[in-house]
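Keep the picture open while you read.

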Amino acid sequence: MAGRYAPKTVLAHLIQRRNQTYSEIVAEFVELGGTITERHLRRLASGERAGTTPQTRRTLQRMFGKPVEELLAPYVAEQAAQVVPAPAASGRITTGNEMEVLDMAASRARAFALAAQSGLGSEAMEQVYDDVRHAAQAYPQRPLPEILGQLVETQDLVFGLLESRQRPENHRQLYFLAGVTGGLLAKASHDLGNPHAALTQARTAFMCADNADHHGLRAWVRGLQSLVSYWAGNPHDSVRYAQLGAGYAEQANSTTSVWLPVSEARAWAALGNPEATRAALERAEEAWNSVHNDDLDEMGGLCTFGRNRQLYYAADALAQLPGEVEQAQRYSTQAVDAYTDQNHPEWAFGDAAGSHAAMAITRISSGELDGAADALAPVLTLPTERRINGVVHSARRVHQALRQSGRADDARELQEEIETFTRTPMQSYPR
């Protein structure tokens, strides 16, 4: 049973009043449709952690009948006792969605399998790998609010396993997975417009890559740092991070050996250096001759860099250079075509939007204002939950290109549409 210690939070007091173990609370939490680890619950109850996902907040309020802010508040012994909701009756789960029932059962099975072992066996390690792989593959294709909670829980799980007593042979694998989840959360922080949090996550991810001694992971994290710096308006830092990762990419020979130079090309273009931009794009193309997928590439999704993303990055770079309009048009057309098929494994809504924005900019450079409006139309219809930081910045670049074209009056309607779009980025989405 929960020990009769002096509770630090209202949540801890209510758990104590219910006379249940933390594992029993977690099991009930899962039955109600949430996902939480016992370690995370203990940290919330002890006041060590206040951050919760929307799903966690909803489920806790449903279980205890109080808002999360009240549950996590310090417990005062003299406060009036409240009626504690009884534990949900076990048995049949009432729901109209059978797939939700199966997902809850799978979540509970995963939590039990991992908690039941003092050291991870092969089956449990495979489960952790599968959780991280699923997050990596879902990230480019699904709205961030749908996956962020599970991603945070997965990082918390991996960190908890590293902090507990594990077999020595598992440490390297767990550090690899911690590096991947940290990288994904760096991207999430960037997508929400928080470059400071993004770079903090990336630094920890790079430390994990060092502990895993994984060259491909080191290079991938440098690529993320280059990406964050680029969109944060720090192209010199973007170049530096891309160059810092080049040596690791060369040793890994993974798709990071393409990603890093094409990332460097975008940053050089932002600095107005066409020669360095072209040279970096050529290095990226040449790198395909020696690429072979490593275990990070095999994660898929955001963990690998394919031809489609290369086309988008090249289009994004060249669209910034006035003397490269023809090449930018060619690459942007190819990139838009490449992202037409939403069932393609490499499809990513953010990169697809960026490709359309690059095409719009090249058409503005050619005086095709109607064509620019057509190119940007799919971007401006994106729902708020898909208006990530890079997408919003890409739309703003189109607005800037219109202002600089000398034909702003002719494109007033498009400018107003862009302004309306950028006023509601995903960070303002109610979560």
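## What the chain is made of

Helices (H or I, at least four residues) and strands (E, at least two) are DSSP runs, numbered from the N terminus. Counted that way, the chain has 20 helices and zero strands. Keep in mind that this is a predicted model, where local features need pLDDT of at least 70 and side-chain atom pairs count only at pLDDT 80 or more, while totals for chains, interfaces and linings use all residues. Residues are numbered from 1 along each chain as its sequence is written, and side-chain values use heavy atoms, with hydrogens and water left out.

How much of the chain is buried? Buried means under 20% relative accessible area, exposed means over 50%, and partly exposed is in between (1.4 Å probe, protein chains only). By that rule, 52% of the 431 residues are buried. A contact means heavy atoms within 4.5 Å. Take the contacts between residues at least 6 apart in sequence: 67% of them join residues at least 24 apart.

## Two neighbours of α9

Start with α8 (residues 144-163) and α9 (residues 168-191), which pack at an angle of about 150 degrees with their axes 9 Å apart. Here axes are lines fitted to C-alpha atoms, for helices over the stretch in contact, and angles run from 0 to 180 degrees between N-to-C directions. That makes the two helices, α8 and α9, roughly antiparallel (angles under 35 degrees count as roughly parallel, over 145 as roughly antiparallel, 65 to 115 as roughly perpendicular and the rest as oblique). The residues where α8 and α9 touch divide into 15 nonpolar, five polar and one charged. For this sorting, Ala, Val, Leu, Ile, Met, Phe, Trp, Tyr, Cys and Pro are nonpolar, Asp, Glu, Lys and Arg are charged, and the others, Gly among them, are polar.

Now for α9 and α11, which pack at an angle of about 10 degrees with axes 10 Å apart. That makes α9 roughly parallel to α11. Their contact residues split into nine nonpolar, three polar and one charged.

## Zooming in on Leu 217

Leu 217 lies in helix α11 and is buried, with a relative accessible area of 0%. Which residues does Leu 217 contact, leaving aside its neighbours within four places in sequence? They are Phe 176, Gly 179, Val 180, Ala 209 and Leu 296. Also, Leu 217 and Asp 295 are 78 residues apart in sequence, yet 9.4 Å apart in space, C-alpha to C-alpha.

## Two covered helices

Helix α15 (residues 307-318) has 11 of its 12 residues buried, so it is largely enclosed by the rest of the structure. Its cover includes α11, α13, α14, α16, α17 and α19. The end C-alpha atoms of α15 are 17 Å apart, which agrees with the 16 Å its 12 residues should span (the expected span is 1.5 Å times one less than the number of residues).

Helix α17 is mostly covered too, with 15 of its 17 residues buried. From first C-alpha to last, α17 reaches 25 Å, close to the expected 24 Å. After α17 comes Gly 367, whose phi is positive, near 80 degrees.

Most residues other than glycine have a negative phi. Asp 213, in the loop between α10 and α11, has a positive phi near 50 degrees. Asp 213 is partly exposed, at 43% relative accessible area. Asn 253 sits in the loop between α12 and α13, and its phi is positive as well, near 55 degrees. Asn 253 is partly exposed, at 23%.
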